Amino acid sequence: MIELLKSMIDWDAQPRRTAEEGAPIIASGEPTALIFCLETGTATDSDGRAYGDGDLIGLCEALALDSYSTSVTATSKCRLVAIRQETLEAALKRGGTLVWPLSRSIASDIARRRLASWQAA
């Protein structure tokens, strides 16, 4: 997925952030205005999902929700690419008029199922 994103947006123009080990990358309740790509390092979310080099963090929730429900914490020093949701939207819309709404619809279905499984547990 990361290679596809790199081909769709000006990757070098995207801002970078650093998160030290133990620092939050995404806090639960934070607006989904930014999606993160983990360039280097490792992170874990509050569901126990692990992230490593090249992984997108929060993509599904960013497409489906107004705020993140899952927090993500750096488990080592991380270098992150911060992608504004508007940048992602513009890139996906270049693929056709239905790409953005279809992506959001699929992500919404996934997020709804995830939330339902959390509530059932």
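Five of the seven residues of strand S8 (residues 78-84) are buried, so S8 is largely enclosed by the rest of the structure. Buried means under 20% relative accessible area, exposed over 50%, partly exposed in between (1.4 Å probe, protein chains only). This is a predicted model: local features need pLDDT of at least 70, side-chain atom pairs count only at pLDDT 80 or more, and totals for chains, interfaces and linings use all residues. Residues are numbered from 1 along each chain as its sequence is written, and side-chain values use heavy atoms, with hydrogens and water left out.

Q: How many bridges pair strand S3 with S8?
A: Strands are DSSP runs (E, at least two residues), and helices are runs of H or I with at least four, numbered from the N terminus. Two strands pair if DSSP finds at least two bridges between them. S3 (residues 34-40) runs antiparallel to S8. The bridge count is six.

Q: Which residue in S8 stands opposite Cys37?
A: Cys37 is buried, at 2% relative accessibility. Its counterpart in S8 is Val81.

Q: How many disulfides does the structure hold?
A: A disulfide is a covalent bond between the sulfur atoms of two cysteines. The criterion here is a pair of cysteine sulfur atoms within 2.5 Å. The count is zero.

Q: Which strands stand at the edges of the open four-strand sheet?
A: The order is S2-S7-S4-S5, with antiparallel pairing. Each edge strand has a single partner, so one side of it is left without a neighbour in the sheet. The edge strands are S2 (24-26) and S5 (50-51).

Q: Which residue in S7 is the bridge partner of Ile26?
A: S2 and S7 run antiparallel, joined by two bridges. The partner of Ile26 is Val72.

Q: Which side chain makes a polar contact with that of Thr70?
A: Thr70 sits in the loop between helix H2 (59-64) and strand S7 (72-74). Thr70 is buried, at 5% relative accessible area. The contact spans 2.5 Å, and the partner is Glu61.

Q: Is Ile110 buried or partly exposed?
A: Ile110 lies in helix H4 (residues 99-120). Its relative accessibility is 37%. That value makes Ile110 partly exposed.

Conventions
Polar contact = N/O pair within 3.5 Å; in protein donor to acceptor, adjacent residues only side chain to side chain.
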